[in-house]
Amino acid sequence: MTAVIEAEGLTKYYGPRRGLEDVDLSVAPGEVFGYLGPNGAGKTTTIRLLLDFIRPTRGRVSVLGENPRTGVAARRRIGYLPGELMFEGREKVRDLLTFFADARGGVPARRIQDLAERFELDLSRTIRSLSKGNKQKVGLVQAFMHEPELLILDEPTSGLDPLMQQEFLDMVRAARIAGQTVFMSSHVLAEVQQAADRVGIVRAGRLVAVEKVESLGKRAVRRVEVHFATPVVAADFVDLRGVSDVHVEGTVLRCTVDGQLDALVKALAQHTVVDLISAEPDLEETFLGYYYDNEESSRVA
Ligand SMILES: Nc1ncnc2c1ncn2[C@@H]1O[C@H](COP(=O)(O)OP(=O)(O)OP(=O)(O)O)[C@@H](O)[C@H]1O
């Protein structure tokens with residue numbers, strides 16, 4: 001099957017500054033692809049290249065089988081949520097959405113109404129009176145409303161409260177079931193894990209890893225901090241399966257656990273445990289774990 005998004009050696013320099021370099025990427029029809037990276041990694045640059053808002057310094061990209069530069073017809077088949085919404089007008093939300101709907105060849109009013117209800121968005125408000133989160137909802141409604149073949153979403157959950165983030169993820173899952181393809185950027189691994197089939201990790205302008213979400217889940221790396229009633233020694237914990245970065249200061253143990261907690265929990269049980277804190281690592285830590293431990297399997301295919 002032809003890829004919906006295909007990039008080869010995609011590179012963008014802003015003057016001497018690297019925005020993106022040598023990105024090879026292929027997103028299959030019906031796939032939900034999460035594009036993860038810290039601030040300034042190159043996510044927005046990639047998305048702008050896909051939409052021909054900027055042109056590559058070198059390399060090539062095709063979207064829905066077309067070169068974004070010439071494939072104007074393909075644009076209607078795309079729903080796009082920009083990272084920064086420029087909605088400011090005095091008009092009502094309903095009027096703005098109707099305007100977008102008409103530009104895409106028409107969308108049933110009922111569909112707009114349903115999406116607005118889902119997101120608890122008041123269509124009778126004026127655009128400029130909306131909070132950041134509500135503007136984000138307008139952006140999402142306009143991206144989804146014409147049921148495009150491809151959704152390109154730049155930081156879609158930014159500004160949404162947790163309930164609305166879940167609503168959004170439900171919509172992505174529904175889009176996937178309907179056979180739509182989704183390319184979404186994020187800097188939050190947890191949210192992408194809930195909806196995506198694969199995750200690409202971009203860092204300093206390079207796509208450093210592409211992983212199936214299932215395999216990410218299996219490698220749950222955690223930071224663990226344990227407080228004991230009496231002092232402990234590091235030697236009790238250093239050789240345990242999955243445990244690394246062991247540091248002991250008096251009655252406090254800090255370490256990293258990759259995979260099951262079982263071996264650590266059994267060793268802890270030899271002491272009196274006062275408190276145990278287990279935190280998911282941030283994106284960078286998870287990804288570094290992959291990149292260095294699993295380099296041969298993770299490089300982009
Ligand atoms: N118009 C521009 N002119 C110069 N440099 C730019 C421009 N746009 C982006 N860059 C640089 O390119 C790099 C990638 O930026 P990009 O906006 O693509 O990152 P991002 O992953 O989307 O980050 P964020 O999460 O902060 O939006 C950064 O170093 C950024 O400073």
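Reader: Which residues come nearest to the ligand?
Author: Tyr 14, Asn 39, Lys 43, Thr 44 and Thr 45 come nearest, out of 13 residues around the ligand. A residue is near a molecule or strand if its C-beta atom, placed from the backbone, lies within 6 Å of it. Please note that this is a predicted model, in which local features need pLDDT of at least 70, side-chain atom pairs count only at pLDDT 80 or more, and totals for chains, interfaces and linings use all residues. Residues are numbered from 1 along each chain as its sequence is written.

Reader: Which element gives the most to that shell?
Author: Helix H1 does, with three residues. Both strand E2 (17-27) and helix H1 (43-50) supply at least two residues of the shell. Helices (H or I, at least four residues) and strands (E, at least two) are DSSP runs, numbered from the N terminus.

Reader: How do the shell residues divide into nonpolar, polar and charged?
Author: There are two nonpolar, nine polar and two charged residues in the shell. Here Ala, Val, Leu, Ile, Met, Phe, Trp, Tyr, Cys and Pro count as nonpolar, Asp, Glu, Lys and Arg as charged, and the others, Gly among them, as polar.

Reader: Turning to the sheet, in what order do the six strands lie?
Author: The order is E5-E6-E7-E3-E8-E9, in an open sheet with mixed pairing. Two strands pair if DSSP finds at least two bridges between them. Strand E5 (78-81) and strand E9 (206-212) are at the edges and have a single partner strand each, so one side of each is left without a neighbour in the sheet. The twist averages 15° from one strand to the next.

Reader: How many bridges join E6 to E7?
Author: Four bridges join E6 (residues 150-153) to E7 (residues 181-186), and these strands run parallel. For example, Leu 153 has Met 184 in E7 as its bridge partner.

Reader: Which strands does helix H5 touch?
Author: Helix H5 (residues 132-144) packs on the sheet and touches E5 and E6, its direction making about 170° with that of E5. Helix H6 (residues 162-177) lies across E3 (32-36), E6 and E7, and runs at about 150° to E7. Axes are lines fitted to C-alpha atoms, for helices over the stretch in contact, and angles run from 0 to 180 degrees between N-to-C directions. Two residues are in contact if their C-beta atoms, placed from the backbone, lie within 7 Å.

Reader: Now the backbone: is Glu 155 buried or exposed?
Author: Glu 155 counts as buried, with 20 C-beta neighbours inside 10 Å. The term buried requires 20 or more other C-beta atoms within 10 Å of the residue's own, exposed 12 or fewer, and partly exposed a count in between, with C-beta atoms placed from the backbone. Glu 155 is in the loop between E6 and H6, and has a positive phi of about 50° although it is not a glycine. Most residues other than glycine have a negative phi.

Reader: And where is Asp 22?
Author: Asp 22 is in strand E2, and its phi is near 50°, also a positive value in a residue other than glycine. Asp 22 is partly exposed, with 15 other C-beta atoms within 10 Å.

Reader: Lastly, what does the domain assignment give?
Author: It gives domain 1 (5-217) and domain 2 (221-279), the bounds coming from an automatic or database domain assignment. Their C-alpha centres lie 41 Å apart.
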